[in-house]
Amino acid sequence: MKDGLPPELNYQGQTACLRHLAPFTYTYNGHGLGGADLRLRVTFTSHVFSERTDVGQPHDFLDENDIRRTFDAGRYAFSLGLPNHLTGILNQNAYSWPMHDKNGIANLAVLAPPQPHLVSGTYETVFYYLYPSDVGGIDVEMLVKSCYPMDINFDRHRRRDRIRVYVKESLFKNTRVPK
């Protein structure tokens, strides 16, 4: 999976369609450099439909970093609507915040579907980061690392900004967000 997600995943004698996780582009009209449009490309990793395989257990495939992964039916089911959730998140300029994933890596988090008020509870949480693009016609890349249900106490996540703030930070400061 080092070259991106395939259109299908074959595992345990079954096939899962992954076409819904094809990269897509979102445009922020007039928010780019010099008032130009800002083009954001959204891509997904295999973690949105799989879990890390326990040591000594059979695995279904190797992820982008050659880590053993197991297909997860629950994550896959949620991934079917993930592109629409992310489009809604971007359209609504939803709140997002810095947060470490299960591996302790700094990412940004956002709720899917977006919530008008951030009240502590259990939510499908999307982990992602942003970085300047090297691809012509794309300004910023949004890599969706994973998503899974999570208990969130918003008293512990006081630094929140609208997602567009982070996208523009990546573009205008030419840096990965978060660092």
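What share of the 179 residues of the protein chain counts as buried? The figure is 44%, where buried means under 20% relative accessible area, exposed over 50%, and partly exposed in between (1.4 Å probe, protein chains only). The model is predicted, so to speak for local features a pLDDT of at least 70 is needed, side-chain atom pairs count only at pLDDT 80 or more, and totals for chains, interfaces and linings use all residues. Residues are numbered from 1 along each chain as its sequence is written, and side-chain values use heavy atoms, leaving out hydrogens and water.

On the overall build, the protein chain has three helices and 12 strands; these are DSSP runs, with helices (H or I) of at least four residues and strands (E) of at least two, numbered from the N terminus. Its C-alpha atoms fill a box of roughly 50 × 40 × 25 Å along the principal axes. Among contacts with a separation of 6 or more, 54% join residues 24 or more positions apart, a contact being heavy atoms within 4.5 Å.

His-31 sits in the loop between strand S3 (24-28) and strand S4 (38-44). With a relative accessibility of 22%, His-31 counts as partly exposed. Leaving aside residues up to four places away in sequence, His-31 touches Ala-36, Leu-38, Arg-164, Lys-168 and Phe-172. His-31 and Leu-171 lie 140 residues apart in sequence, yet their C-alpha atoms are 9.9 Å apart in space.
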